[in-house]
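Please open the structure in a viewer and keep the selection tool at hand.

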Amino acid sequence: MSEKTTILLVRHAHSAMAGRFCGHTDAALSELGEKQLSEIVDDLERWPITKVYTSDLKRAHNTASAIATRRALPVVSRAGLREISFGEWEGLSWAEIEARAPAEAASWLSGYPMQAAPGGESFEHLRSRVEAELQALVQQSEQQCVAVVTHAGFIRTALVSVLGIDERSMHKIEIGHGGVTILQYAQQSWRVQGVNICR
């Protein structure tokens with residue numbers, strides 16, 4: 001048996017609120033997202049997935065359900081896999097935020113990602129949550145390959161933590177809808193096997 005634990009971080013399919021600040025807002029998949037599901041499931045066929053975990057938000061859970069159904073596996077929801085919360089900015093576009101609160105918008109940009117949105121989650125809290133989730137997944141999925149359907153912010157933060165890169169550069173990491181980022185854990189160490197892999 002392999003001594004490696006493989007965690008496939010899968011970004012959910014396209015949502016009905018794509019292009020807006022949709023952190024903890026429970027948006028459903030868009031029509032495009034529904035069409036993407038079969039492609040996402042097909043893309044994951046190459047891996048011997050034994051468990052499917054997901055954020056408890058609909059856009060992730062619906063994506064995970066499609067993956068799990070193909071393999072006749074249960075879906076395990078974990079609230080810790082959620083996107084960062086954008087507080088008062090949830091549901092707004094960037095243009096709307098700049099029009100309503102130009103000073104706060106400018107401050108957020110200059111301090112990104114350490115500056116939290118008004119009433120939102122801090123990056124420090126998100127990073128702590130992401131690191132705790134990764135460790136829990138390793139403990140629960142030792143020497144297995146598991147799919148974890150989550151969000152772009154969660155995946156970027158996981159890469160910041162695993163690679164030790166500057167969090168101010170995390171927005172430069174492209175994480176497309178349905179993209180797969182591969183993490184492996186062995187001998188108490190993380191390795192990144194691929195980022196944003198898709199068909």
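Select F21 first: with a relative accessibility of 12%, this residue counts as buried, where buried means under 20% relative accessible area, exposed over 50% and partly exposed in between, computed with a 1.4 Å probe on protein chains only. The model is a predicted one, in which local features need pLDDT of at least 70 and side-chain atom pairs count only at pLDDT 80 or more, while totals for chains, interfaces and linings use all residues. Residues are numbered from 1 along each chain as its sequence is written, and side-chain values use heavy atoms, with hydrogens and water left out.

Next, prepare to look at ring pairs. Nine aromatic pairs are found in a search of the whole structure; rings of Phe, Tyr and Trp (its six-membered ring) pair if their centres lie within 6.5 Å, and planes under 30 degrees apart count as stacked, over 60 as edge-to-face and the rest as tilted. Helices (H or I, at least four residues) and strands (E, at least two) are DSSP runs, numbered from the N terminus.

W94 belongs to helix α3 and W108 to helix α4, so the pair ties together parts 14 residues apart in sequence. W108 is buried, with a relative accessible area of 12%. To see the cluster linked by ring pairs, select F21, F86, W89, W94, W108 and Y112.

Turn now to the largest pocket, which holds about 800 Å³ of space. A pocket is an open set of points on a 1 Å grid over the protein atoms alone, where a 1.4 Å probe fits, with protein on both sides within 12 Å along at least five of seven lines; lining residues have an atom within 4 Å of a point. Its volume is the space filled by probe spheres set on the points, which are joined across faces, edges and corners. Select R20, F21, E83, F86 and R156, which lie nearest the centre of this pocket among its 34 lining residues. Helix α6 gives the most to the lining, with three residues.
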